[in-house]
Amino acid sequence: MSGEMTGAETLIKALIDQGVDTVFGYPGGAVLPIYDALFQQNSLRHILVRHEQAAVHAAEGYARSTGKVGVVLVTSGPGATNAVTGLTDALMDSIPLVCLTGQVPTHLIGNDAFQEADTTGITRPCTKHNYLVTSADDMSRVVHEAFYVARSGRPGPVVIDVPKDTQQNKTSVYAKAKEVEARRISYRPQVKPEHAKIEQAVELLSKAKRPIIYAGGGVINSGPVAAQLLTQFARMSGIPVTNTLMGLGAFPATDNHFVGMLGMHGTYEANLAMYNCDVMLNIGARFDDRITGRLDEFSPNSTKIHIDIDASSINKTVMVDLPIIADAGHALEDLTRIWTARHTELDKAGMEKWWGQINEWRGKDCLKFEQPSKGEIKPQHAIKTFYEMVASRDKVIVSTEVGQHQMWAAQYIKFDKPNHWLTSGGLGTMGYGLPAAIGAQVAHPDALVVDVAGEASILMNIQEMATAAQYKLPVKIFIINNQWMGMVRQWQELLHGSRYSESYSESLPDFVKLAEAFGATGIRVTDVSELEEGLTKMIETPGPVIFDCCVTKDENCFPMIPSGAAHYDMILTKEDKVANPVSQEGMVLV
Amino acid sequence: MSADQIESRVIAVLVDNEPGVLARVIGLFTGRGYNIDSLTVTEVDAGQNLSRITIVTSGTPQVLEQIKAQLFRLVPIHAVGDLTTGGDLVERELALVKVVAKGEQRVEALRIADIFKARVVDAGHNHFVFELTGKPKKLNSFIELMQPLGLKDVSRTGVVAIARGPEALGL
Ligand SMILES: Cc1ncc(C[n+]2csc(CCOP(=O)(O)OP(=O)(O)O)c2C)c(N)n1
Ligand SMILES: [Mg+2]
């Protein structure tokens, strides 16, 4: 080994050896040696956020848009606790992250020292794994193992808690990444599927008359090749495809085989196809409750094949007939190979009838809305117009906050490629979109990165405008301003007798002035006649922009499957009353 | 067997003996609402730094499968064995039982201890500490019988278990 280094220097070296180029962080007393080591090198760039939660979301945006592991650096105590929401978000959405947290020196742990928090204890349930580094000698091993755990298998966030003395102490130990991985024999994710099971899958699918592919974020996590294989397989077999919220972009939305997103705010055709299918191929999705609706009415007559890299996702809520534990890409590769080798073709007449049925459902045009030519802007129209204006551009990355605008973005923006859609699916974290957009913009300086936001959500991490300004990151914040916590208002209207308890966005700031206060550009549009001009200005203006797009206040997001209802119980328009009063079991659901 | 019938299982888990590993396992059970009827842990292989956890849990067959899959997902876990469905198993628990009694009751306590093959590991003028090994049921009955005779204090290890036959819990 080439002499002694401090723990902090060893840490930086390990990050560089892992191919890290960017760290999102915020300094404090317990990480000063690491910041000092950062200062004295040129390989790693540090992006200074304005709140540790945002550091984690930014790293998520970076990770989701690049396929690499996102890296976070925060101080002990409040730095670590502020990161918890982001870590939970990354865990729910399987985003690979390594989060370094400072800790009080080892001899003070347990003494209620200044800025001490039991970080490994607090983050144990919201990480895939976590570590406390108790000696500088362990530093390189722990860092390499953390990256391995974060990116392999079902990806997720990993915390490394680093006491200040282990940052300062010297060590001559430097473990190599490959050796560290080989040593961790208790952790060996299965990525290759069992051959016989793929054969069975081909067998089951080949007899289908009403098949569907239900693909999720696992396809995106597997890498762009998996998305290509999925596209190839669906086109070759003629099987319709629906994507989950996390899976958008895993299959080209402009392809005719795509029937839209499924689930609570999914399309009529996707949900009915799921309900009526005879063979379901789930690739990298987890039968989340937003997808299944009422479990005992979920696709009751289908044979279900489930490909997932995480064995605990199988038979968790929905019992399946053929579980296959594998990485989506490997499974799709084998599936395609065996399908082709056997010259498999689906029953022509059956498939024609199935597509006929699907096209009939499509005829319902469940995403239609009416936009008068003058006056108020419908939120759907705002997002659809935005999509049409950027559809032909090469690199457009969209993030969202959480609420109605998020669902409209999922419905009206067509993603043809993976890694261009960043949204908080599992945790539904308001405040995710702006920092995620920042992280994506850092990784893709030339891309048009747009945060489709709600006026309530954006205030949850608005301080990140300063980050965007500091690094001249030209993120565009497209606020669908309905002056309400629209999604809350919608549930109150439909399920709580229109009693709008605390869901009005009182005392909103002037978003144009707010933008200017951060040194950014602010635009406001209130009439549909100005929409395109406003959007053009948002897109074309250099630097960060806040576009305050004032829309109809009380629009609801449809289709909607009320909580606890079945796929066929969709509300399509305001006139559709919630069919049967929602059951007591339904009302307790979130 | 009905799908929502509650069954009891003995699950053996081989883990790296590292800080926090027990907290991970217990946190998994509390966080996901699984039952822990008994849990024991100690190092079993100092050379390889391995500990073995024996968990007695209960749930529907679907939940029990989930428990095993969720356990196996934890990074430091090497092996998860379902000893109940995996074939025959040997289950043992040890109890230390303190009885305070005089006269006729003292004689009766000794007599019962004899029947259960419990050993006296501490005795005084008016107390005994019995040591008893066996299946949890046997320990339960012993403790129940000691109740009216002056049962004062009980300490139990929880169940340890191992599969019958030549196979080991796999690495
Ligand atoms: C951190 C957090 N707190 C609360 C919620 C609950 N919630 C979900 S949507 C929503 C309203 C969002 O309002 P807005 O950002 O204006 O979006 P809109 O629905 O109006 O498009 C709220 C409060 C949440 N998802 N996240
Ligand atoms: Mg709103």
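**Exercise 1. How many bridges join β5(B) to strand β7 (residues 127-134) of chain B?**

Start with the conventions. This is a predicted model, in which local features need pLDDT of at least 70, side-chain atom pairs count only at pLDDT 80 or more, and totals for chains, interfaces and linings use all residues. Residues are numbered from 1 along each chain as its sequence is written, chains are lettered from A and ligands numbered from 1 in written order, and side-chain values use heavy atoms, without hydrogens and water.

Step 1. Strands are DSSP runs (E, at least two residues), numbered from the N terminus. Two strands pair if DSSP finds at least two bridges between them.

Step 2. Read off the count. Eight bridges join β5(B) to β7(B), and the two run antiparallel. Within this pairing, B:Val97 stands opposite B:Phe130.

**Exercise 2. Find other antiparallel partners of β5(B).**

Step 1. Take strand β8 (residues 151-156) of chain B: five bridges join β5(B) to this antiparallel strand. Here B:Lys98 faces B:Asp153.

Step 2. Take strand β9 (residues 160-163) of chain B. Four bridges link this strand to β5(B), residues 89-100, again antiparallel. B:Arg92 has B:Val160 as its bridge partner.

**Exercise 3. Classify the ring pair A:Phe415 and A:Trp421.**

Step 1. Apply the rule. Rings of Phe, Tyr and Trp (its six-membered ring) pair if their centres lie within 6.5 Å; planes under 30 degrees apart are stacked, over 60 edge-to-face, the rest tilted. The whole structure holds 18 aromatic pairs over all chains.

Step 2. Check burial (under 20% relative accessible area, 1.4 Å probe, protein chains only). A:Phe415 is buried at 6%. A:Trp421 is buried at 3%.

Step 3. Turn to chain B. B:Phe116, B:Phe128, B:Phe130 and B:Phe142 form one aromatic cluster.

**Exercise 4. Describe the interface of chain B and chain A.**

Step 1. Count contacts (heavy atoms within 4.5 Å). 14 residues of chain B touch 18 residues of chain A.

Step 2. Get the buried area (accessible area lost on being put together, 1.4 Å probe, summed over both parts). The value is about 1,400 Å², with 50% from carbon and sulfur atoms. B:Arg24, B:Gln62 and B:Val75 supply 46% of what chain B buries against chain A, more than any other three residues.

Step 3. Look for salt bridges (side-chain nitrogen of Lys or Arg within 4 Å of a carboxyl oxygen of Asp or Glu). The rule finds three across the interface. A:Arg184 and B:Asp16 form a salt bridge at 2.6 Å, N to O.

Notes:
Buried means under 20% relative accessible area, exposed over 50%, partly exposed in between (1.4 Å probe, protein chains only). Buried area is the accessible area (1.4 Å probe) that two parts lose on being put together, summed over both.
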